Amino acid sequence: MDTAIGALADIQKQVMWNRLIAVVEEQAQTMIRTAFSTTVREAGDLSAGVFDLKGRMMAQAVTGTPGHVNSMSESVGHFLRKFPAETMHPGDHYITNDPWLGTGHLLDLTVVTPAFHNGRIVGLFANTAHVIDIGGLGMGPEGRSVFEEGLYIPIVKCFDRGRPNETFFDFIRAGSRLPVELEGDVYSLCACNDAGARRLIEMMDEFNMPDLDGLADYIFEHSLAATEAEIARVPKGTYAAEVFSDGYDETVALRAAMTVRDDAIEVDFAGTSGLSSRGINVPPAYCRAYSSFGIKVVVAPEIPNNWASLAPFRMKIPEGCILNAPRPYPVAVRHVIGQMLPDLMMGCLVQAVPERVAAEGASSLWIPPLRGGASISGQSRSNRPVVADFEIVTFNSGGTGARPALDGLNATAFPSGVRTMPVEATENVAPIIFWRKELRPDSGGAGRTRGGVGQIMEIGTTGDLEFACNAVFDRVANPPRGRAGGGDGAAGRVELKSGKTLRTKGLQIVPDGDRLMLMLPGGGGMGEPSERDLARVARDVRDGLVSAQEARELYRVVVSRDGVIDEAATAALRGEVQ
Amino acid sequence: MAFARLAVDIGGTFTDVALESGDGARLTSAKVLTTPAAPEQGVIEAIRTVLGIAGVAASEIGFVVHGTTLATNAIIERKGARTALITTAGFRDVLAMGNESRYDQYDLNIVLPEPLVPRYLRLPVPERLDNEGRVLLPLDVKAVRELVPLLERERVESIAVGFLHGFVNPVHEQQAREVLAEALREVPVSLASEVSPEMREWERFSTTAANAYVQPLMARYLRRLEADLPALGIGAPLFLMLSGGGLTTVETACRFPIRLVESGPAGGALYGADVARQHGLDGVLSFDMGGTTAKICLIDDYKPQTARSFEVARVGRFRKGSGLPLRVPVIDMVEIGAGGGSLAAVDSMGRITVGPESAGADPGPACYGRGGRLPAVTDANLLLGRYDPQRFAGGTMHLDEKAARQAIAAVVSERLGLEPEMAALGVVEMVDENMANAARVHAIESGKSYPGRTLIAFGGGGPVHAYRVAEKLGIQRVLVPWGAGVGSAIGFLRAPIAYEVVRSLYQRLSSFDVDAVNALLDDMKAEATEVVALGSFGAEMTETRIAYMRYVGQGHEIPVPLPARPLGAEDSPQIRAAYDREYTKFYDRPVPGSDIEVLSYAVMVATAPFSFSWSASERVVEAKAGPAVRQQAVRDTVTGDEADWAVHERADLVAGAAVRGPAIIAEDETSTLVGPGWTARVTAFGAIELQREAA
């Protein structure tokens, strides 16, 4: 009956793997429910995972955002180097926001917590969350070094055997514009790791596990084999591509040569533009995170994230390039370039597996960090009212690229996994008014499948008083490109309502009586627009997402605003004989 | 003499009816096929049938309660009214943009749910309120009037009106309704400020659009049914089951039909609560496993847990975030894609997966012999010896073990190099694990835990899987009630006449305006009382008040009970203390020094739940179980060993009879598995109680 015993052991390992993924999901849900920052609780800008004692990630919560994937995965190793596992005690929690030891900017806190079973340390829980304020210049590109960007927390203990490190909490309370939220978030991160650890111990008791070694080996072995099998399905070769970001003050080229081997995919970023003097630089862990995501979402989307399933994706990032920023380069808004990396990866992969990739999308989140009050307008004077102090960040998305068989998604985040906040909730926490937030017609790249349309936002303060926007926008000079004959998505635009064009990056004032206008990019189209299904064109026109004029000029369809197609005229226009 | 009480539950396939005698001593039930084109026909037939069986005259019925999935199905099948949404200019696409996220990060070909109102019928008009309800831009009444020709031309059958911050100040929505009502007399108008007066525009507009979408259909149906009942000789009033667990009048149901969406499952939870009350169990998890899904619900102190939002019509395989959000009071249930028909497969990592794809009723699991080639959970149970192939569904269906074995061999065994029996074990373990995992996450979200609870199992699959799911959750006791086949309908009979009103009023506790809160709560109480009074016939009402609070800036509100009386300034510290207590219950430790904000309030007015005074402490005499009818070779999913399990007929077991596991207690609709280490005993109320011995 040895085979039956072996079979049972195998089935139990599968069950345990499933359970471990449920454990980290509970960990993530606990964070969402207890977090203070809107970025975590409303937007879901977080990640959570469990690690073995070698610092290898065994499972990661499905809930979360890809930017943290590989970066948090690498982070635990750094904690263990400073605080070896054997020095850890029950009730300890360790924290950092070091962009090079964590997930790429000071606004992301990473907390690591040991889990103990029968008095022995058996594993580690880690999580990362984006907080709203960590002092300094804040969320924006203006810093010229990381020291200007905010409070820098090296890896330290924030709880020692269950007791808060009050010195640490004193420092962070003093260093943030939002001390209550920041402190609350640290408590929440620790509580969520505790929740994960508790559940892990219950699981180990139930399955009679002395340690996690056997399960880790099982997970890694099967994940690696499955990932390698998926890679083997991709035609071998080297594929090169480039995409362009608007940069801070000059265009940034991102270049990659992707080599698909039997059991690995290697990406060389040679040819990519050099470092910027401003905070759009990308630390290498963050580059690996979004590059791996871009490959994985095409090549092996079903395989859960862990150390082994990410291992076959290898990045060679030359020194001195913007994707390998060293300390102390400024990195606060590294997402703006980092989130274009999946477009770059798909630009390579389209040459190997064209039926599996999407066109380029808006990609970078449009995050207008808005600030108003004394720090922008000075103290109130009798002859000039000033808006109440506020600091707020909202996440907004343009259109995603068209898919081979499906249109792109309208105003939806990709590759980021965050959600936007309700306008009503935002207006409850800051004296601002959104006058407009709706889809942007004629912005989706034309194609057999259409790019997702972007959105239009119009933002002012209560009473239309002066405020500032720390702009971090992209794809204004370099719109998302279509593929296979599909048209480009509409470029983004950043303006004052009174008409003046604003810079895409940097702190700028919206004066009294004026408003900020944001037109978010649409996604690129895919395939020839003249091959698009007539009914779909008609529907888009009726819905006002595509104008009758664009329908005629780009799609070669003659359709009334009510969506009625003139079939004869359309056939003539498309060159078809009736 | 007390009048008889009648409950009707329209499901997707069957219309169930339960008739209870006035003294509660006799319960008769029947099932007929649902008649989707004219659902009232099935209802009438079901009532005739049950009256016939029970030998009761229509005139003896004093109370009719009805629950239905019609509203849900209309949304899922997109068969509702042509609906327009009139909304704030600049916010035309709130329904389409949602929260701008993907519910699955790794699926490049993800499809998001289509809004119920297409863009060309989402009609913006100039107006704007701020977050405190002050008018920033007055409603352009002329712009509303100018929409009328378009609404007529597009043959719009129902209109939703939702403005930003309209829940704080409904004046613009009301003005818009006046204009529309004057011009379009026949077209019903749903106001967001009435349907779902709570913050968060997407959820509120979505709920309002859904209400408008199902309203004409539901109103027509309910009016027809209301007319048909007297024709049948029933003079009793008709009540509708709400998704939140209370009953309401036809009048209210016609205005807010969206509150009926989950009424069938709500009945199931109330049934679980009633069984819990019978047996004096104050901490329960109900577990209803059917053909395609399993539903679980936490029940404390005989009250099912409630929530204020859920999703309908999920497009992404039961994935959270893939449906249309509805913000109405509901009994809080988690639905898992795990049922007898759920299909097993092997993923690229060599892991067995189960569901959420289902073989459905046709072709069904491979063992049904209707041409299904893919292995389902029922096939796996059969291969493990858990079913008697001759006894399934009361012997009306013969299960084909060979077909089950072939399906499991082809899809699971060969990929993994396992014997079919071991592969079947893997399938059953995995589906049990999936259900237990979902239950655990639900407990986290609810701030609850499982040790000390009793699992109440029903549905075709519940009693089969209950003991193992209980083991995985650390639960020591399982109850399999009697009469579970029409559980939802029985649950309806136990529901109170109740109505819940929810309103938002943002305040910080540090600057709590007691007068404003008292005025709001009084207003809400009056509204709820008015609705309940329509059906309570002078019965005593109770009032429950809840404040939804959180630390300033934090994401999720938690419900904190308030006293049902006017508040005074001195109540503030007590409210804070109550909040800290509730918070600690959820998350272990309070956050020092944080101010607290109150977002919204709920007032629930209800009559007492209808129930008979069970002598719950009634002791049953130990009775001897008769001998097993036979032995069956069953494979244990924990050890992988096969052994003979004794099979008993449930009908043979009298109250007090005990059966030691491992054993199977068979009945027509299902089998109760008594796992190794468990002992079954029949309770005074005919339920099977499984108790796990200390491990």
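Analyst: Happy to! A salt bridge here is a side-chain nitrogen of Lys or Arg within 4 Å of a carboxyl oxygen of Asp or Glu. Please keep in mind that this is a predicted model.

User: How far apart are the closest N and O atoms of Arg539(A) and Asp543(A)?

Analyst: These two residues form a salt bridge. Arg539(A) is partly exposed at 46% relative accessibility, whereas Asp543(A) is buried at 7%. The closest N and O atoms of Arg539(A) and Asp543(A) are apart by 3.7 Å.

User: Which parts of chain B does the pair of Arg494(B) and Glu20(B) tie together, and how many residues apart are they?

Analyst: Arg494(B) and Glu20(B) form a salt bridge, with their closest N and O atoms 2.6 Å apart. Buried means under 20% relative accessible area, so Arg494(B) at 7% is buried, and so is Glu20(B) at 2%. Arg494(B) lies in the loop between α15 and β25 of chain B and Glu20(B) in strand β2 of chain B, so the parts tied together are apart in sequence by 474 residues.

User: Is Arg503(B) buried or exposed?

Analyst: Arg503(B), in strand β25 of chain B, is linked to Asp523(B) in helix α16 of chain B, 20 residues apart. The two form a salt bridge with closest N and O atoms 3.5 Å apart. Asp523(B) is partly exposed at 43% relative accessible area. Arg503(B), at 17% relative accessibility, counts as buried.

User: Now the interface: how many salt bridges does the rule find across chain B and chain A?

Analyst: In this interface, 77 residues of chain B are in contact with 89 residues of chain A. Arg542(A) and Glu154(B) meet in a salt bridge there, at 2.8 Å from N to O. Across the interface of chain B and chain A, the number of salt bridges found is six.

User: Which element gives the largest share of the side of chain B that touches chain A?

Analyst: Between the two chains there are 33 residue pairs in polar contact. Elements giving two or more residues to chain B's side are α8, α13, β26 and α17 of chain B. The largest share, twelve residues, comes from α13(B).

User: Last one: which residue is the bridge partner of Thr113(A) in β5(A)?

Analyst: Strand β5 of chain A is mostly covered, with ten of its eleven residues buried. Strand β4 of chain A runs antiparallel to β5(A), and ten bridges join them. In β5(A), the partner of Thr113(A) is Phe125(A).

Conventions
Residues are numbered from 1 along each chain as its sequence is written. Chains are lettered from A and ligands numbered from 1 in the order in which they are written. This is a predicted model: local features need pLDDT of at least 70, side-chain atom pairs count only at pLDDT 80 or more; totals for chains, interfaces and linings use all residues. Side-chain values use heavy atoms; hydrogens and water are left out. Contact means heavy atoms within 4.5 Å. A polar contact is a pair of N or O atoms within 3.5 Å; within protein, one must be able to donate a hydrogen and the other to accept it, and residues adjacent in sequence count only if both atoms are side-chain atoms. Helices (H or I, at least four residues) and strands (E, at least two) are DSSP runs, numbered from the N terminus. Buried means under 20% relative accessible area, exposed over 50%, partly exposed in between (1.4 Å probe, protein chains only). Two strands pair if DSSP finds at least two bridges between them.
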